[in-house]
Amino acid sequence: MEINLNVNGEIRDLVAEPDALLIDTLRETLGLTGSKKGCATGDCGACTVLLDGRPVTSCLVLTATAQDKEIVTIEGLAGESGLHPVQQGFVDFGAAQCGYCTPGMIMMSTALLTEEAHPTEDQIRDGLSGNLCRCTGYGSIISAVNTAALMMAEDEQ
Amino acid sequence: MASIKEVVRPTDLQDLLSIIADREVESRLVAGGTDLLLKYRTQPGPEISIVDITGITELGEIIEESDGLRIGAAVRLVDIIASDVVAERFPVLAEGAVVVAGPQIRNMATVGGNVCNASPSADTIPPLLVLRAEAQIVSASGRRSVPLDRFFLGPGKTILDRGEMLEALWIPWPTTGAVASYTKLSPRRAMDLAVVGVAVALWNNSGGLDARIGLGAVAPTPIRAMAAEEVIKGSVKMDSSLATEAAQMAAAGISPISDVRGGADYRKKMVERLVTRLLVDLGERVGEQQEA
Ligand SMILES: Cc1cc2nc3c(=O)[nH]c(=O)nc-3n(C[C@H](O)[C@H](O)[C@H](O)COP(=O)(O)OP(=O)(O)OC[C@H]3O[C@@H](n4cnc5c(N)ncnc54)[C@H](O)[C@@H]3O)c2cc1C
Ligand code: FES
Ligand code: FES
């Protein structure tokens, strides 16, 4: 079926099978391979993208039902002036080892900071409870998000 | 494997109802898709037509009516958690919604999907049972309303007939002074299904105390522990011996299965413990009924 998707602010026309999942369309059809497919069962969070501003696991979204919605992937996060503060935080803290979970972690953290500008550590842990990391360990990831929150608060001023 | 032939996205309820009334097409409703998409990918079956219900505005609304709250079937768990009226009048429902999966899933998953999927461990169902929820059902030929404790037939099975769908969950306003709470027992705090889930509501009426107890993951469907409710009915005061007596009754009335999440004996013990604890806690908070 013919579908148009609004991805990272651009309208993309494409053809997809009715049973296509958003994660596969993003990666295979649109070449946006930043979002990762870990489990395909909603458990790991590696495929997290923003749909109308809310983080969702794109392995549980039919491409057909993502029409008319705004999709933001990790590729759409950095601005003209450089990395998003959350991305910068992950770089500064070495919060990525193999990097497989990282795009999902960053999308989820970005959404978290939009809703709660000054999260407590518990709020960060709760916010990231649907994202699994097998290698870095969660400590540096949480520090990265904390620092990003501080950077964003400074930018506000 | 079942394959998806087409995806249709009606924006009008009558259109949707005539699509699912069509006997020529094998159709499946999808709301958040968090249960359905996994199921169609793993279970064999015929070609299906997917009908997205989230385009129907009224199914996504929470409406305060004179005698109760109407929660559209496609209201997402995240919206239940954020709802002021739920927080104020039915916090136990938000307690159930917030322990489902993780944030990404709760952004998509709907309360109607949680109910219609009819999993024994669905976290919003025990709270809805103790809140005396009714399932409002609609089809092309009309509407009917059924108490939620008569909605489930078995794992994944409900009383919905072909052509019918859940339109809303309706909950009567609580008696003044009523209190309720939900506890989910699971090894991980997030992203884990309940080993047991227990919801209890306690209130006073003219004849003394009254309670409702809802249990998840201990039977083929979420159930009420009616014999335990009877033990409490009419008592003057909740104390630990009454709580224990009722909790033992609740545990005696179930025959859970043993599976990877927990053995049958463990589940019975945990039901007894959790029911006791909730009754004692709620007994300290329950208020007197006020004359309206
Ligand atoms: C990783 C993961 C973790 C999970 N953890 C939990 C958990 O901890 N606790 C828990 O309770 N659940 C859990 N779930 C299950 C799931 O997220 C919930 O059951 C969810 O609420 C289902 O809602 P949905 O809108 O996504 O349903 P869908 O998948 O859209 O639909 C579910 C079923 O209901 C039918 N249906 C939907 N709406 C209607 C309607 N209005 N009328 C008639 N039929 C309808 C569909 O046809 C389908 O059969 C988890 C799922 C995943 C993927
Ligand atoms: S790939 Fe989607 S949650 Fe794991
Ligand atoms: S960095 Fe390897 S899974 Fe997280």
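Which residues touch the most other members of the largest nonpolar core?

Modeller: This is a predicted model, in which local features need pLDDT of at least 70 and side-chain atom pairs count only at pLDDT 80 or more, while totals for chains, interfaces and linings use all residues. Residues are numbered from 1 along each chain as its sequence is written, chains are lettered from A and ligands numbered from 1 in the order in which they are written, and side-chain values use heavy atoms, with hydrogens and water left out.

The largest nonpolar core has 77 residues, and those touching the most other members are A:Leu5, A:Leu22, B:Val115, B:Leu128, B:Leu148 and B:Phe151. A nonpolar core here is a set of buried Ala, Val, Leu, Ile, Met, Phe, Trp, Tyr and Cys residues joined through side-chain atoms within 4.5 Å, where buried means under 20% relative accessible area, exposed means over 50%, and partly exposed lies in between, for a 1.4 Å probe and protein chains only. In soluble globular proteins, nonpolar side chains tend to be buried together. If neighbours within four places in sequence are left aside, the contacts of A:Leu5 (contact means heavy atoms within 4.5 Å) include A:Leu14, A:Leu22, A:Leu30, A:Ala66 and A:Ile71, and also A:Glu10, A:Arg12 and A:Gln67. There is a second, separate core of 30 residues, and B:Ile232, B:Ala250, B:Met270 and B:Val275 are among them.

B:Leu242 lies in helix 10 (residues 240-252) of chain B, and helices (H or I, at least four residues) and strands (E, at least two) are DSSP runs numbered from the N terminus. B:Leu242 has a relative accessible area of 10% and is therefore buried. Along the chain B:Leu242 and B:Ile232 are 10 residues apart, and their C-alpha atoms are separated by 7.2 Å.

Two packed helices are described by the angle between their axes and the distance between the axes. For helix 3 (residues 102-115) and helix 5 (residues 138-156) of chain A, the axes come within 11 Å and cross at roughly 40 degrees, which means that helix 3 of chain A is oblique to helix 5 of chain A. The axes are lines fitted to C-alpha atoms, for helices over the stretch in contact, and angles run from 0 to 180 degrees between N-to-C directions; angles under 35 degrees count as roughly parallel, over 145 as roughly antiparallel, 65 to 115 as roughly perpendicular and the rest as oblique. Helix 3 of chain A contributes A:Met105, A:Ser109 and A:Leu113 to the contact, and among the residues from helix 5 of chain A are A:Tyr138, A:Ile141 and A:Val145.

Helix 2 (residues 85-92) of chain A packs against helix 5 of chain A as well, at an angle of about 135 degrees and with the axes 8 Å apart, so these two helices are oblique to each other. In this contact A:Pro85, A:Val86, A:Gln88, A:Gly89 and A:Phe90 of helix 2 of chain A meet residues of helix 5 of chain A including A:Ile141, A:Val145 and A:Asp155.
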